[in-house]
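Visitor: I'd like to learn how to read aromatic rings and surfaces in a protein model. Could we go through one together?

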Amino acid sequence: MAAKAKSKANVEIGDEGEDLVLATMVANGDDISPLVRHAFEMGRPEGLLRQLNYVVKKKEAEIEEMCKTHYEEFIRAVDELRGVLVDAEELKSDLQSGNFKLQQVGTNLLVNLEELLETYSIKQNVTDAIIMSKNCIEVLELCVKCNNHITDNQFYPAIKTLDLIQRSYMKNIPARALKLVIERRIPIIKWHIEKRVNSQVNEWMVHIRSSCKNIGQTAISHAVSDRQRDEELIERQRKAEDQNVVGIEERVYTLDVEEDDEDSAMKFDLTPLYRACHIYVEDRVLRTGGGLLVPDQVDNMWETALSRLIMLLKAQFSQMKTAANHLMVKDYVTLLSWTLLQYGYDIESLLDVVDSNRDKFHLILMNECREQIMEVLNHDTYELMIIKKESDYESNVLSFGLQTTDIMPAFPYVAPFSTMVPEMCQIVRSFIKSCVDYLSYGARDYFFDVVIRYLNNFLIEVINETLLNTINSSTISVSHAMQIAANFTSLERACDFFLKHAAQQSGIPIRVIETSQMTLSAKSVLQTSRDATYITLLGLVNTKIDEYMNLTESVTLWTTEETKQNGNEYISELILYLDSLMSTAQQVLPLDAVYKVGMGALEHINNTVMAAFLSDSVKRFNATSVMNIGTDLKLLENFAEERFYSSGLDGMYKASSFRDCLVESKQLTNLLSSSQPENFMNPVIREKNYYALDYKKVSTICDKFRDSGDGIFGSLSNKNTKQTAKRKSMDVLKRRLKDFN
């Protein structure tokens with residue numbers, strides 16, 4: 001036996017050696033025919049075949065590995081390259097198409113650019129022509145005014161007008177022919193005025209020559225009286241100084257009318273002499289005084305007086321606290337400015353003072369109106385306004401453009417807003433009038449843009465912010481928030497009236513506003529605030545719903561064994577509240593807002609139910625609690641369906657109804673009540689019956705589900721085969737959900 005074993009071992013060692021020799025020869029590419037011949041000669045071809053098979057398998061493995069290494073990447077690279085070529089062809093086609101379109105668009109743009117440049121050139125020429133025409137018109141208006149003054153024998157304003165033309169307009173007259181005509185006519189006009197004044201003075205001198213004796217006697221008597229009064233005053237002053245009396249009596253001059261006699265020869269007209277002193281004498285001294293008085297000195301006197309007046313006005317404006325005082329002083333200043341303008345004085349600096357004060361005036365005006373707005377809010381009942389007669393409808397609705405139809409309604413009429421809306425509109429109308437009253441003065445003809453800017457600021461910074469502050473206060477109720485949301489809609493509609501009223505007050509035709517389709521920027525701000533009010537309203541409604549649906553704190557609701565045919569205790573109160581909410585919303589809000597309120601409330605109910613099932617406070621629940629909550633949801637679905645159709649929303653919103661908001665919680669109760677809950681994992685059934693449910697939520701909720709038979713004595717008390725099958729199906733669903741997650 002030992003010899004045989006040793007012989008077998010020697011054979012195996014020999015075979016291994018032959019394998020190595022064969023493998024080496026194959027690897028080196030040597031001829032293996034001698035080895036084959038030797039094997040057959042020895043009568044052992046089986047070992048050679050086995051060796052060859054071993055070498056073949058080894059080479060096959062090497063070849064396979066080499067192919068995997070070198071050719072798979074090559075094939076993949078070729079496929080990707082072919083994909084790149086296809087994409088490149090598509091990209092090339094897209095580039096050619098885009099280039100063609102770009103060329104077409106570019107051609108049109110170049111044509112439009114050329115037209116735009118030509119139009120801009122025309123516009124520039126027209127603008128220059130308008131400016132030149134305005135300069136010529138201003139000069140011609142002054143010339144007409146001068147002619148009118150001369151015709152009315154008002155020579156002083158005529159002279160001032162001529163001086164104004166010479167100083168301020170002669171250098172800027174663009175029409176050379178007009179400039180030459182005016183330059184030639186001014187000396188002629190001045191000579192004509194001088195001749196007329198001299199003639200009037202001469203006639204006046206002839207007229208009073210017959211009364212010169214009485215005039216002299218009267219003058220002497222008045223001079224004697226004045227001298228006596230001066231002597232008496234000096235004597236009293238001397239006595240006061242001797243007695244160390246502080247202060248000196250003021251000298252008062254009065255006209256002694258007792259000496260006048262109606263039939264006296266002293267009655268004569270001094271108007272010609274007055275005109276001569278202010279017209280002829282001033283102009284004569286300026287021309288013949290040899291430098292005694294120059295025009296700059298006359299202008300400096302006016303500038304000094306004007307600077308004092310401006311300083312006084314600024315000081316007074318800075319101390320005023322009410323808009324009424326600003327308006328009153330502004331009226332006086334503009335009246336003075338207009339009067340001075342008629343006599344040829346430059347009054348721009350006076351009007352600039354009024355201009356510089358307008359921002360302060362409007363700030364004070366806005367603060368006063370803000371107090372009025374706050375008073376309106378404090379006295380508002382936040383209830384729909386009831387209008388009992390046509391005159392009230394005209395004053396509160398039609399006068400502010402708040403009507404929703406052109407048909408006169410039947411009375412009593414319930415307006416879609418509370419009393420605050422027409423009262424606020426009256427305040428806005430008063431604000432517009434005050435703005436226009438302040439800005440309409442002097443040569444400022446176009447101030448509509450300024451009125452619109454202040455109107456937008458008032459609507460946004462006062463009315464809008466005041467209403468938003470009321471909405472965001474902690475004491476706001478659902479009914480108040482709902483009424484304010486409706487009032488926002490009415491105020492937004494009134495913005496069109498405010499714009500037209502401001503245009504009408506500013507002298508702009510309403511058809512210009514209608515043609516330009518201009519709107520107030522405050523209108524979009526009020527619309528945004530209205531949407532924010534809806535969000536606040538939904539938050540208040542959700543808070544109220546949470547008070548009714550306190551699901552997580554009720555332990556018996558989740559562990560009860562009592563089936564409630566009419567649902568849980570809270571559901572009746574909740575439906576009553578929702579019915580009251582929707583009824584009020586349907587009366588106060590437009591249909592789109594009613595839809596938002598209904599959808600928001602029911603979505604919150606759905607989320608509350610789902611959150612209760614997922615809450616950590618609910619450790620477990622049974623099939624009876626699921627059935628009761630399903631009954632609650634059924635009652636809510638019936639209410640939602642009835643309200644959706646009775647409100648007329650089915651015609652506007654066909655894609656989604658109130659009932660759709662409860663679909664997630666409804667599908668959850670259906671799943672938990674199903675006899676085969678494991679069907680949830682079936683894609684077809686899930687897409688049909690449970691499409692709104694999430695895997696993770698279902699998994700978490702199912703872990704809490706405990707059927708009645710899962711208790712300690714459940715196996716003894718419950719032998720229902722259906723319950724056992726349902727429980728097994730629920731266990732299968734739980735396991736599959738865990739595996740899926």
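Visitor: What percentage of the 741 residues in the protein chain do buried residues make up?

Guide: Keep in mind that this is a predicted model. Buried residues come to 34% of the 741 residues in the protein chain. As for secondary structure, the chain has 26 helices and 2 strands.

Visitor: Of the contacts between residues at least 6 apart in sequence, what share joins residues at least 24 apart?

Guide: That share is 78% in the protein chain.

Visitor: On to the rings. How many aromatic pairs does a search of the whole structure find?

Guide: The search turns up 17 aromatic pairs. One of them is Tyr393 with Tyr413, an edge-to-face pair with 5.4 Å centre to centre and 85° between the planes. Tyr393 sits in helix H12 (residues 390-396) and Tyr413 in strand S2 (residues 413-414), so to speak a link between distant parts of the chain, 20 residues apart.

Visitor: Why is the pair of Phe431 and Phe458 called stacked?

Guide: Look at the angle: planes under 30 degrees apart count as stacked. The planes of Phe431 and Phe458 are at 10°, with the ring centres 4.4 Å apart, so this pair is stacked. Phe431 belongs to helix H13 (residues 420-439) and Phe458 to helix H14 (residues 448-471); the two are 27 residues apart, and their pair links distant parts of the chain. Phe431 is buried at a relative accessible area of 0%, and Phe458 counts as buried at 0% relative accessibility.

Visitor: Where does Arg453 lie?

Guide: With a charge over a ring, check the distance to the ring centre. Arg453 lies over the face of Tyr454, at 4.9 Å from the ring centre. Arg686 lies over the face of Phe680, at 6.0 Å from the ring centre.

Visitor: And the surface: which residues make a nonpolar surface patch of about 410 Å²?

Guide: Tyr71, Phe74, Ile75 and Val78 make that patch. Tyr71 is found in helix H3 (residues 45-151). For the protein chain, the accessible surface comes to about 45500 Å², and 55% of it belongs to carbon and sulfur atoms.

Terms used
Residues are numbered from 1 along each chain as its sequence is written. This is a predicted model: local features need pLDDT of at least 70, side-chain atom pairs count only at pLDDT 80 or more; totals for chains, interfaces and linings use all residues. Side-chain values use heavy atoms; hydrogens and water are left out. Rings of Phe, Tyr and Trp (its six-membered ring) pair if their centres lie within 6.5 Å; planes under 30 degrees apart count as stacked, over 60 as edge-to-face and the rest as tilted. Helices (H or I, at least four residues) and strands (E, at least two) are DSSP runs, numbered from the N terminus. Buried means under 20% relative accessible area, exposed over 50%, partly exposed in between (1.4 Å probe, protein chains only). A charge sits over a ring if NZ of Lys or CZ of Arg is within 6 Å of the ring centre and within 35 degrees of the ring normal. Patches are made of residues with over 30% relative accessible area and no salt bridge: like charges are joined within 9 Å, nonpolar side chains (Val, Leu, Ile, Met, Phe, Trp, Tyr) within 5 Å. Accessible areas come from the Shrake-Rupley method with a 1.4 Å probe; for residues, only the protein chains shown count as cover. A salt bridge is a side-chain nitrogen of Lys or Arg within 4 Å of a carboxyl oxygen of Asp or Glu. Contact means heavy atoms within 4.5 Å.
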